[in-house]
Amino acid sequence: MKSITKRTIVSLILAGILILGTGIFVFNFFTKGSEWASYPANSHLYTNGILNSGTLLDKDGAVLADAHDGTWSYHDDQTTRKALLHTVGVPDGTIYTGAITRFAGKLTGYNFLTGAQHIGKDGNKVYLTVDADVCRAAYKALGSYKGTVCVYNYETGEIICLVSTPTYDPAYPPAISDSDPNYDGVYVNRALSASFIPGSTFKLITLTAALEEIPDVTNMSFYCGGSVDIGDKTITCTGTHGDISLEKALNVSCNCAFAYIADMLGGKTLDKYTKETGLTDSYSVNGISTKASSFGFKDDPAGEVAWGGVGQGHDLVNPCSMMIYMGAVANGGKAAVPQIIEKTTLQGGLKTGFYIKKQTERLVNSATAEIITQYMKSNVVNTYGESRFPGLDIYGKTGTAQVDSSDSSNSWFVGFIKNEDAPLAFAVYAEGGGSGSRTAATIANTVLQEAVKSVSTEEE
Ligand SMILES: [Zn+2]
């Protein structure tokens, strides 16, 4: 009797393991099947190691890239090809964020019911959310600067513009040597896969923490005498602002006021807000992971924390995560997670697969978001000039990030527009662009004008 019980238990355990194992296999089959099938050794989908079918289109149906018998052809216009290099990608996968390799399974038409067997010669159509015209405008506006422009709809998650420079023409790839400064980081998508010193755009995070943690901070007065000593550091300001309010401190981007606030808050609290605002998150853009921002607040001494609070020190911010935070502020605390795939269809037009819109966690309280929104508007009205953004109800913050004492500084502009038809958040970054208000804000206006046109005409 005893041994029968024992055998039963052993059988049950074995059966349990079998069921568990089958479960794991089925789960992996469903979730990773397209990855397995699109592995380069699979000759159904690859010719000489190159993905051999599929069409990539922009949101309006412009063909961005098209595969026939193992050869990829690209958009007719060279500027468009360059503007979309980091979004479209190249068949050998050297650009991590490129759709050609990231969405290989979707392009070839692999699915878990019929596997790769049913696949037609031409594969599927993958429509991206980007607008090729807006991306081209962004590439032109960046000019010779290395940097990025990203714009997305914070209600739906659709990325309208995703451009990174330097770039090259994928139809005629140049010979690129590692030491060539013109191609510094050319394979990196600066919006999704990189992080940079944020400069004064980070004051928006310090502001968030101040509004939440310091009672009555909106009625406090701060003194700027041109510099302030905190810990063993002297934090210098770009002006001598005298006695100023919190709002005015943001308008004139006063380093002394924000260094003082950072010191009041302390490194641990600022560290908490880099997490709560989602900056240190790695987001999944249809499976493409973004780089998390990083900071030194947890361990830094007071002087470094103060520099960190004004956006220097050990701060490194990913442009996409900053854009998402801007979307959350605009949207009352939560924003849509960015998406790059609009839809996938068979060549005949029948939809395959569906994409669920995702929301971020709450990144900021709605009452705090309201005050930040108000202050970002007064930045535009009092400092940058509303007339520079004709027709746009824009809210923004510039940044001019010092990389080292000798180099020219990097130009940032982040923010959002309020527009029922075009609820857009953005991040613009230009290396060596100097003043954020001069360079990045001008680029932002050019691109947003195109983006609003693109999104607003969509529904009609
Ligand atoms: Zn100042």
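Predicted model: local features only at pLDDT ≥ 70, side-chain atom pairs only at ≥ 80, totals over all residues.

**Zinc site.** I looked up the ligands and found the zinc ion coordinated by the SG atoms of Cys224, Cys237 and Cys254 and by ND1 of His241, at 2.1 to 2.3 Å. The 4 donor atoms subtend angles of 103 to 116° around the zinc ion, and the arrangement is therefore tetrahedral. For reference I wrote down that the ideal angle for four tetrahedral donors is 109.5 degrees. Along the sequence the donor residues follow the spacing C-x12-C-x3-H-x12-C. Within this set, Cys224 belongs to strand E9 (residues 221–224), while Cys237 sits in the loop between strand E11 (233–236) and strand E12 (242–245), so that the pair, 13 residues apart, links distant parts of the chain. I checked the accessibility of these two as well, and both Cys224 and Cys237 are buried.

**Sheet.** I next traced an open sheet of 5 strands, whose order is E8-E7-E19-E18-E17 and whose pairing is antiparallel. Its edge strands, each pairing on one side only, are E8 (159–165) and E17 (394–401). Averaged over the sheet and ignoring direction, neighbouring strands are turned by 5° against each other.

Going through the pairs, I found that E17 and strand E18 (residues 410–417) run antiparallel and are joined by 8 bridges, with Ile394 partnered by Ile417 of E18. E18 is in turn joined to E19 by 6 bridges, again antiparallel, and here Trp412 has Tyr429 of E19 as its bridge partner. E18 and E19 form a hairpin, with 6 residues between them. On to strand E7 (residues 146–153), I recorded 8 bridges to E19, also antiparallel, among them the one that pairs Val149 with Val428. How much of strand E19 (residues 424–431) is covered? I found the strand mostly covered, with 7 of its 8 residues buried.

**Val403.** I then looked at the loop between E17 and E18, where Val403 lies. Apart from residues up to four places away in sequence, Val403 touches Ile197 and Asn410. The C-alpha atoms of Val403 and Ile197 are separated by 7.3 Å, although the two residues are 206 apart along the chain.

**Helix pair.** I compared helix H6 (residues 132–142) with helix H14 (residues 439–456), whose axes come within 9 Å and cross at roughly 170°. That angle makes H6 roughly antiparallel to H14. On the H6 side the contact is made by Val134, Ala137, Ala138, Ala141 and Leu142, and on the H14 side by Ile443, Thr446, Val447, Glu450, Ala451 and Ser454.

**Gly54.** Is Gly54 buried or exposed? I located Gly54 in strand E3 (residues 53–57), and with a relative accessible area of 0% it is buried. Leaving aside neighbours within four places in sequence, I listed its contacts as Ala65, Asp66, Ala67, Trp72, Leu107, Asp122, Gly123 and Asn124. I also noted Ala104, which is 50 residues from Gly54 along the chain and has its C-alpha atom 8.3 Å from that of Gly54.

Conventions. Residues numbered from 1 in each chain as written. Heavy atoms only, no water. Pairing = 2+ DSSP bridges. Helix = DSSP H or I, 4+ residues; strand = E, 2+ residues; numbered from the N terminus. Axes fitted to C-alpha atoms, helices over the stretch in contact; angles between N-to-C directions. Donors = N, O, S within 2.8 Å, 3.2 Å for Na, K, Ca; no water. Tetrahedral: all angles 85-135°; square planar, octahedral: opposite > 155°, others 65-115°. Buried < 20%, exposed > 50% of the residue type's maximum accessible area, 1.4 Å probe, protein only. Parallel < 35°, antiparallel > 145°, perpendicular 65-115°, else oblique. Contact = heavy atoms within 4.5 Å.
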